[in-house]
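Here is a friendly walk through one protein model. Keep the 3D view open and find each spot as you read.

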Amino acid sequence: MTVTAAAGVRPGTSRPLAGTGTLLRFALRRDRVMIPVWVAVNALMVLSMPGTLEGLYGTAAERADLVRQMETNSSLRAMVGPLFDDGLGALTAWRVGVYAAALAAVTGLLVVVRHTRDEEESGRQEVVASGMVGRRASLTAALLAAGAANAALALVVTAGLAGLGAAGAVAFGLGVAGVGMLFATMAAIAAQLTESARLARGLTAGVLGGAFVLRAAGDSATADGSSVLTWLSPLGWLENLRPFAGERWWVLGLLAGAAVAQGAVAFLLAGRRDLGMSFLPTRPGPAAGRLATAGALAWRLQRGAVAGWSAGFLLAGLVYGGMTEGAADLVGDNEQARGIIERMGGQAAITDAFMSAMIGMLGLVAALYVVSSVLRLSGEETSGRAEPVLAGAVGRLRWAAGHFVVAFGGAALVLLLGGAGFAAGHGRDAGAILGACLVQVPAVWVVGGVAVLLHGLLPRAAGAAWAVAGAVLLLGWVGPALDVPQAVLDVSPFGHLPKLPGGEMDWPPVLVLLLIAGALVTVGLAGLRRRDMST
């Protein structure tokens, strides 16, 4: 099906961009679910903020007081950045700008790597390239697909925020899209340098994590975004664009220039390597350590991702733990802000409720890890690497179980490390914090179980697990701020978890979620055992 869809290009040309239009249409068709879901999640997160912030800080005095508090609250600046103006538009850009840009960056890197290095790994690109397809057509189509996703996001965000100020809305929409394209072109370079799509995604995601850390460190040091560390981060460029607060239009030139320069490097590299090869080839054997079991092989393949996610969660926990007291001071007597924290974290004291809300956010992000880890199995299957393994004395269930142990066990591990960082940053309540992190595990496993179910029964639709994870993230992140009815929040498995620390432990929903996760995995494995393997 993949080859047929791209075969509309006639064989026999040396033009480097020949067939780009056909490949772009095919890429957009393949991503007809993923791109709209990620764009919708991002746009809804942004567009929900003005109404929420207006309810939280309805008067000019309250907004001016917030600006003064942010000038002295370094922990909150590390989390969301500095606040440059007390207008509703500036508050919106301050509250969601960093996270909207990070989400746009993730979308861009996923799209580009999927349509470049993933295609080469699977062998499909070799068949497509045998037709009338130029040397750089696939890379161009991938970048154009990422550009379409970011353009759609920019248009929706700009239109939605135009009522707060046309100039600020345009600046914010273009800034978020610019960060998305900068990381898309960065992913394009990584796809040329590495032989593995997993490594290309990991390298780009690692740079994104580093950008967040640099921005956080710079913003905690200064209240006006002027730190050198902030300027070293593309996320810091977005906040220094200052939408709705005296826009610095020249910062868009930095984003555009960096994206164009990286795109040019990616095109240069693409023209200087053979198909399937890379500039940083995988080290040949012999492999160190024991690879006598399917589980050992799965661990070997995924240990880098586990290490990266573990380090990220440990760092995030340290940041969140360190800002707990500052966040409680910021909420103060604001009843609406307190209400949102309590809807996310329970009716306990505000400090416990904030910790519970932040630990819940770690759980939502861990759901993204478990989906990516489970879907690694799909990559092994479609690339043909699973066939040599299954040709030996390894059954499908043993092969799959090795990856699922890493996926589900890794989710528990990263949450524990996030809790350890949180406890270290907070300085106390280590047992309660670790227990609250472990309570998130059953809900994370349910999302992972959905990914297993889709892979086992509908392998071509396995990517829809990302849509499920995105919907869960949206409900958990934006739902409480919008005062969404509890019946809607309960669609997410995270809506049934007890609010710890500070709340009462409620075992029945936790056990039910574990049973649901087990049932999903069981049905998915049964489907995998009976269906044909993908080729």
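## Before we start

Let's begin with how pieces get their names: helices (H or I, at least four residues) and strands (E, at least two) are DSSP runs, numbered from the N terminus. This is a predicted model, where local features need pLDDT of at least 70 and side-chain atom pairs count only at pLDDT 80 or more, while totals for chains, interfaces and linings use all residues. Residues are numbered from 1 along each chain as its sequence is written, and side-chain values use heavy atoms, with hydrogens and water left out.

Go to the loop between helix H14 (234-241) and helix H15 (250-270), where you'll find Arg 242. Phe 244 sits in the loop between H14 and H15 too. Arg 242 isn't a glycine, yet its phi is positive, near 55 degrees. Phe 244 is also not a glycine and has a positive phi, of about 65 degrees.

Are these residues buried or exposed? Here "buried" means under 20% relative accessible area, "exposed" means over 50%, and "partly exposed" is in between (1.4 Å probe, protein chains only). Arg 242 counts as buried because its relative accessibility is 17%. Phe 244, at 13%, is buried as well.

## A cis bond

Now move along to Pro 501, in the loop between helix H26 (486-489) and helix H27 (507-530). The peptide bond that runs from Leu 500 to Pro 501 is cis, and its omega is near 0 degrees.

## A helix with a buried face

Which residues of helix H2 (residues 20-30) are buried? They are Thr 20, Thr 22, Leu 23, Phe 26 and Ala 27. Look down the axis of H2 and these buried residues fall within an arc of 160 degrees, so they line one face of the helix. That arc is taken from the directions from the helix axis to the C-beta atoms.

## Salt bridges

How many salt bridges does the structure hold? There are 8. To count as one, a side-chain nitrogen of Lys or Arg has to be within 4 Å of a carboxyl oxygen of Asp or Glu.

Arg 68 is partly exposed at 48% relative accessibility, and Asp 65 is partly exposed at 32%.

Next, Asp 219 pairs with Arg 215, with 2.7 Å between the closest N and O atoms. They are 4 residues apart in helix H12 (residues 197-221), so about one helical turn separates them. Asp 219 is buried, at 0% relative accessible area, and Arg 215 is buried at 0% too. Glu 380 makes a salt bridge with Arg 376, and there the closest N and O atoms are 3.0 Å apart. Glu 380 counts as buried at 5%, as does Arg 376 at 11%.

## A nonpolar patch

Last stop: Val 213, Leu 314, Leu 315 and Leu 318 make a nonpolar surface patch of about 280 Å². Patches use residues with over 30% relative accessible area and no salt bridge, joining like charges within 9 Å and nonpolar side chains (Val, Leu, Ile, Met, Phe, Trp, Tyr) within 5 Å. The accessible areas come from the Shrake-Rupley method with a 1.4 Å probe, and for residues only the protein chains shown count as cover.

Helix H16 (residues 294-322) gives the most to this patch, with 3 residues. Leu 314 is found in H16 and is partly exposed, at 35% relative accessibility.
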